[in-house]
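Please find below a colleague's note on the model under review.

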Amino acid sequence: MGTPDFAVASLSALVETEHKVVGVITAPDKPAGRGQKLRLSPVKTAALINDIPVFQPLKLKDPDFLEQLSNLQADLFVVVAFRMLPKQVWAMPPLGTFNLHASLLPQYRGAAPINWAIIKGEVETGITTFFLNEQIDTGHILFQERTAIGADMTAGELHDILMEKGSQLVVTTVDSIRKQS
C-alpha cells in the first residue's frame with residue numbers, strides 16, 4: 001500500500017524477489033495540470049507495468065473494498081508512504097502489516113519526517129520498519145538502519161537515499177517475517 005515515488009522503490013524491490021505481490025492499494029487517480037487530466041499515482045503506474053492488480057478505494061472501511069482485500073488472501077501487508085489504516089485492514093493478514101517509515105522511530109512520527117530531520121539540523125536519520133497498531137508510528141519496531149545527513153544535504157537528496165535504503169529494508173523485513181512464520 002502506497003502512493004508516491006518513495007513507495008515505488010519498495011514495490012520494485014519486492015517484485016524482483018521470490019515473494020508474490022498479489023495486489024497494490026493506492027490513492028484514487030486525481031485530476032492534475034492545466035487540462036485536469038487524471039494522473040495515475042507512481043505506485044499505480046509501477047503496478048500496472050508489473051501486471052499487479054490495483055485497488056483504489058475512496059474509503060478504506062468500505063465493505064466492498066474489505067471483501068476484495070480479503071479475497072487476495074495475502075499473508076502479509078506492506079505499507080510505504082500511505083495513509084493511516086483502520087484496524088479492519090491492518091489486522092487482516094495472518095502475518096501482520098508492517099510499515100516503512102523514513103525516520104529512526106520514535107523520532108519524527110507522522111508526516112514529513114525527512115523534512116523535519118533537515119529543518120531540525122539533524123546529523124543522522126534513518127529508516128524503520130515496524131508492525132502497525134492503533135496509534136500512528138508506534139508499533140513494534142522490526143528493523144532500523146541509520147543514515148548520515150551531510151551538512152549541505154537537501155530534503156530531496158535525503159529522500160532518494162532513504163527511498164533506496166528503505167526498499168532493501170522492506171525486502172529484509174519481508175524475508176525475516178516469512179522465515180519466522
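The numbered points below take the helix first and then the pockets.

1. This is a predicted model, in which local features need pLDDT of at least 70, side-chain atom pairs count only at pLDDT 80 or more, and totals for chains, interfaces and linings use all residues. Residues are numbered from 1 along each chain as its sequence is written, and side-chain values use heavy atoms, with hydrogens and water left out.

2. Helix α6 covers residues 155-180; helices are DSSP runs of H or I, at least four residues, and strands are runs of E, at least two, numbered from the N terminus. Its 26 residues should span 38 Å at 1.5 Å a residue, and the end C-alpha atoms are 36 Å apart, which agrees. The expected span is 1.5 Å times one less than the number of residues.

3. The largest pocket holds about 550 Å³ of space. Among its 24 lining residues, Leu14, Lys20, Val21, Leu76 and Val78 are the closest to its centre. A pocket is an open set of points on a 1 Å grid over the protein atoms alone, where a 1.4 Å probe fits, with protein on both sides within 12 Å along at least five of seven lines; lining residues have an atom within 4 Å of a point.

4. Helix α1 gives the largest share of the lining of the largest pocket, four residues.

Terms used
Grid points are joined across faces, edges and corners, and a volume is the space filled by probe spheres set on the points.
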